[in-house]
Amino acid sequence: MRKTEYGNTKEILKYSEFTGVPVTFDTASTAAVTEDGKKIVKAGTIVGGGFLETRSNKGVLANDTVGAEGVVLYDIDVTDGPRGGSVVVEGYINLAKIPTAPTAAQKEALPRITFMN
């Protein structure tokens, strides 16, 4: 039996207007980090993996070899298997609320996302 506690969600948006797409993450995803024994894709994680172009709906952590396509809207718990979530592809993101600031290359790859303090 697994006990789940629900609380407030972390809000990464600077303004409420945004465009998002559904994306599925799994426990093998390089975007998942272990936190208190759970595998979590953190809100504000910059992800890619070709999900916009291929519509594969599989997201992975964006880095030097995986281009950025969006920003995870809310934490996604993938401990017990694949879970869906929303990825912001257009909108305003609060830099103070995301785990890692985007690189210059990631900002360039995300022209419809504005990162703000």
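**Strands, salt bridges and a pocket**

Mentor: Two bridges join strand E3 (residues 38–41) to E7, and the two run antiparallel. This is a predicted model: local features need pLDDT of at least 70, side-chain atom pairs count only at pLDDT 80 or more, and totals for chains, interfaces and linings use all residues. Residues are numbered from 1 along each chain as its sequence is written, and side-chain values use heavy atoms, with hydrogens and water left out.

Trainee: What is the bridge partner of Val41 in E7?
Mentor: Two strands pair if DSSP finds at least two bridges between them. E3 and E7 are joined by two bridges. In E7, Val41 has as its bridge partner Ile76.

Trainee: In what order do the three strands of the open sheet stand?
Mentor: Strands here are DSSP runs (E, at least two residues), and helices are runs of H or I with at least four; both are numbered from the N terminus. The pairing in this sheet is antiparallel. The order is E2-E3-E7.

Trainee: Why is one side of E2 and of E7 left without a neighbour in the sheet?
Mentor: Strand E2 covers 32–35 and strand E7 covers 76–77.

Trainee: How many residues apart are Lys42 and Asp75?
Mentor: The side chains of Lys42 and Asp75 meet in a salt bridge. Lys42 lies in the loop between E3 and strand E4 (46–48), and Asp75 in the loop between strand E6 (68–72) and E7. The pair links distant parts of the chain, at a separation of 33 residues.

Trainee: In what sense do E8 and strand E9 pair?
Mentor: Strand E1 (residues 13–25) pairs with strand E8 (residues 83–94) in the antiparallel sense, over nine bridges. E8 and E9 (residues 113–116) share four bridges. Ile93 has Phe115 in E9 as its bridge partner. The sense of the E8 and E9 pairing is parallel.

Trainee: How much space lies in the second largest pocket?
Mentor: On a 1 Å grid over the protein atoms alone, a pocket is an open set of points where a 1.4 Å probe fits, with protein on both sides within 12 Å along at least five of seven lines; lining residues have an atom within 4 Å of a point. Grid points are joined across faces, edges and corners, and the volume is the space filled by probe spheres set on the points. The value is about 330 Å³.

Trainee: Which helix gives the most to the lining of that pocket?
Mentor: The lining has 21 residues, with Ile46 and Gln106 among those nearest the centre. The helix in question covers residues 104–109 and gives three residues. It is H2.

Conventions
Salt bridge = Lys/Arg side-chain N within 4 Å of Asp/Glu carboxyl O.
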